[in-house]
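Here is a short briefing for a reader who is meeting this structure for the first time. Please look over the sequence and the model before reading on.

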Amino acid sequence: MRRPPGSTVPTLIGAARSRPCTLVVCRGCCCGDARKYPGDDHAWQLERWQAAARASGGRFAVRVSDCLGPCDQANVVVLQPSAQGRARGGRAAWIGWSMGDDATDEILAWAEAGGPGVAPAPLALELQFIEPQGERVRRRRGR
């Protein structure tokens, strides 16, 4: 695929060309911890996302991370755009306080619809968007 001169659309090579929308689920020190949030079934939530990813035929994937960082906003998930979404300008969406049926449903619906760059985020979910961990660190360091 050739890009027009001056284009800002990224050229995707190798595996990036077919990368699906990916939900990265934090399950480190605070996220997914029943001692911190005893009223939520964290295992059920993760299994629900994983089952939906398996049923998606490769349209989206789920990865588990040990710690994504902003523990004060646990549970944290990051919805990364697919190759198509990134080509359309989509960027990773960091979502905090992702507990309960409503948040689980909205994140799942957005991932199934294609995620960032392909489908708009559910409006209620946008209220849970948080600053990426790297941005927090850079801001603290004054960069």
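Is Arg48 buried, exposed or partly exposed? Arg48 is partly exposed, with a relative accessible area of 26%, where buried means under 20%, exposed over 50% and partly exposed in between, using a 1.4 Å probe and protein chains only. This is a predicted model, in which local features need pLDDT of at least 70 and side-chain atom pairs count only at pLDDT 80 or more, while totals for chains, interfaces and linings use all residues. Residues are numbered from 1 along each chain as its sequence is written, and side-chain values use heavy atoms, with hydrogens and water left out.

**Fold**
- The protein chain has five helices and four strands, these being DSSP runs (helices H or I, at least four residues; strands E, at least two) numbered from the N terminus.
- Their order along the sequence is β-α-β-β-α-β-α-α-α, and 41% of the 143 residues count as buried.

**Salt bridges**
- The structure holds three salt bridges, each a side-chain nitrogen of Lys or Arg within 4 Å of a carboxyl oxygen of Asp or Glu.
- In one of them Arg48 pairs with Asp105, with the closest N and O atoms 2.6 Å apart; Arg48 lies in helix H1 and Asp105 in helix H3, so the pair ties together parts that are 57 residues apart in sequence.
- Another joins Arg35 to Asp33 at 3.0 Å between the closest N and O atoms; Arg35 is exposed, whereas Asp33 counts as buried.
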